[in-house]
Amino acid sequence: MHFSIPETEVRSGENGSTYVAYNIHVNGVLHCRVRYSQLLGLHEQIKKEYGSNVVPAFPPKKIFTLTPAEVEQRREQLEKYMQAVRLDSLLGASEMFNSFLRKAQQETQQIPTEEVALDICLSNGQKVTVNILTSDQTEDVLDAVATKLDLPDDLVGYFSLFLVREGVDGGLSFVRKLQEFELPYVSITSLRSSEFHILLRKSRSDTFGLLLGHGVRRRRHGQQSWPEFAIRPVSDIERGWILVNKDQHRQLKSLQEKGSKKEFIHLGQTLKYYGYIKFDPCITDFPEKGCQVIVSAGNNELNFHVKLPNEQIKEGSFKVTRMRCWRVTSSQVPIANGTTNPCSASKCDVKLELAFEYLMSKDRLQWVTITSQQAIMMSICLQSMVDELMVKKSGGSIKKMLRKRHNGSIHRSDSQQAVKSPPLLDSPDPNREQIVKLSTKLSSVSLRGVSASNSANDISGNDFHGNYAFEGIGDDDL
């Protein structure tokens, strides 16, 4: 998530006095307004809990009223502070930090704690309504949806809640994955637009295999084999998200009408891009700078559907097991107004880029950059795929891993060690050719702000071919 404080406001207090409010934005959208004293209180709590040597530098108090220049300086310092805390693997995942943001979000939107009904969209085009509290956090809402759908506890960790936007054609565009520091009801209500919805969707690529096993267990107990919402609809095919021929399309419709869910899932898993998240059109520098691209994430890869400058269409896949690392960068760019003035807080847009370093061949790594307002969402998808591979290799549980992360039980020494030397990854499917083991970290690199001049290096387009995948290279070749 990209945290920023692009602006301040002078507001009136309860006793008629005025104060400066700092507007904290997440991915360019207002999350909450806070006073300096509130952030100072958070800082003191974090320092007391984790020690002064862990906490980032905090702007000092001032005795006298701040001048406009000093307010701007403090705004910049507080923005850097919030970004540093969020990006710290220990502090950013702490309940102390997340609960502060949830409380501030609710206070900013002035939504009292009360029982409400919240609509959740499902992957099959239907909706389910859950009764929650306005103050329920993302995990609480997800658990309420799982209970409503009779989803067993061991599968809940394989699903997530996403904020999506409905287009004029009825298609859904992914905005972001809802996080632990926000209240879903408050987040969706504060947008004040019927275009936005909350969607329950699988966030792990092997969910369908688990659902099949779950269906077998449930049938033994005389229950419905598996939840209806888990069956991907034929409408995804009609939108062009999944590629099928006429025979496959007809067969899927027939299986769906008959209620043959097991056969439906088995056939669906053989289809190209089944279960992928498809992002809005954006720009990439691969294979040439300025190429239009549609990126999809799934099956442990990022798929590129690229339109070259000569109008030629190329398709390729970048395997997550061949990415050494990735980063999301943000920069401020002037709004197109015919001027060349430097950015000010009110005259700039945030430009987001996802760049990953990829093993193109035996001894050649190079950066590939995607410019997209959904860059953070892409990064989250990459992290989910890496987490899944790590859990598969260790034989652990996704849900346990997520709970451990959310509870802040990851120690700093463990986190630092993970960045330096994680386990090497084998191919998760023994029936496929061995995927290259990487000798360096498969991880997301922290979000950072950069100037436009610090973007990734340009990459030659001579190496891009259809169905790009470097499988079958042995360890001895590395």
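Mentor: Two strands pair here if DSSP finds at least two bridges between them. Helices (H or I, at least four residues) and strands (E, at least two) are DSSP runs numbered from the N terminus. The model is predicted, so local features need pLDDT of at least 70 and side-chain atom pairs count only at pLDDT 80 or more, while totals for chains, interfaces and linings use all residues. Residues are numbered from 1 along each chain as its sequence is written, and side-chain values use heavy atoms, with hydrogens and water left out.

Trainee: Which residue in the turn between β11 and β12 has a positive phi?

Mentor: Strand β11 (residues 291–298) runs antiparallel to β12, and 7 bridges join them. Val293 stands opposite Val306 in β12. The two strands form a hairpin with 2 residues between them, and the turn residue with a positive phi, about 50°, is Asn299.

Trainee: β12 also pairs with β13. How many residues lie between β12 and β13 in their hairpin?

Mentor: β12 and strand β13 (residues 313–319) run antiparallel and are joined by 7 bridges. One of the bridge pairs is Lys307 with Ile313 in β13. Glu311 in the turn has a positive phi of about 75°, and the number of residues between the strands is 5.

Trainee: How many of the 7 residues of β12 are buried?

Mentor: Buried means under 20% relative accessible area, exposed over 50%, and partly exposed in between (1.4 Å probe, protein chains only). Strand β12 (residues 301–307) is mostly covered, and the number of its residues that are buried is 5.

Trainee: How many bridges join β1 to β2?

Mentor: β1 and β2 run antiparallel. Arg11 stands opposite Tyr19 in β2. The number of bridges joining the two strands is 8.

Trainee: Within what arc do the buried residues of α2 fall?

Mentor: The buried residues of α2 are Val71, Arg74, Arg75, Leu78, Glu79, Tyr81, Met82, Val85 and Arg86. The arc is that of the directions from the helix axis to the C-beta atoms. Seen down the axis of α2, the buried residues line one face of the helix because they fall within an arc of 165°.

Trainee: How many of the 20 residues of α11 are buried?

Mentor: The expected span of a helix is 1.5 Å times one less than its number of residues. Helix α11 (residues 375–394) reaches 29 Å from its first C-alpha to its last, close to the 28 Å expected, and is followed by Gly395, whose phi is positive, near 75°. α11 is largely enclosed by the rest of the structure, because the number of its residues that are buried is 17.

Trainee: Which residue forms a salt bridge with Glu9?

Mentor: A salt bridge is a side-chain nitrogen of Lys or Arg within 4 Å of a carboxyl oxygen of Asp or Glu, and the structure holds 14 of them. Glu9 lies in strand β1 (residues 3–12), and its partner, 24 residues apart, lies in strand β3 (residues 29–35). Glu9 counts as partly exposed at 24% relative accessibility. At 3.1 Å, N to O, its partner is Arg33.

Trainee: In the salt bridge of Glu95 with Arg102, how far apart are the closest N and O atoms?

Mentor: Glu95 is partly exposed, with a relative accessible area of 40%. Arg102 counts as buried at 8% relative accessibility. The closest N and O atoms of this pair are apart by 2.3 Å.
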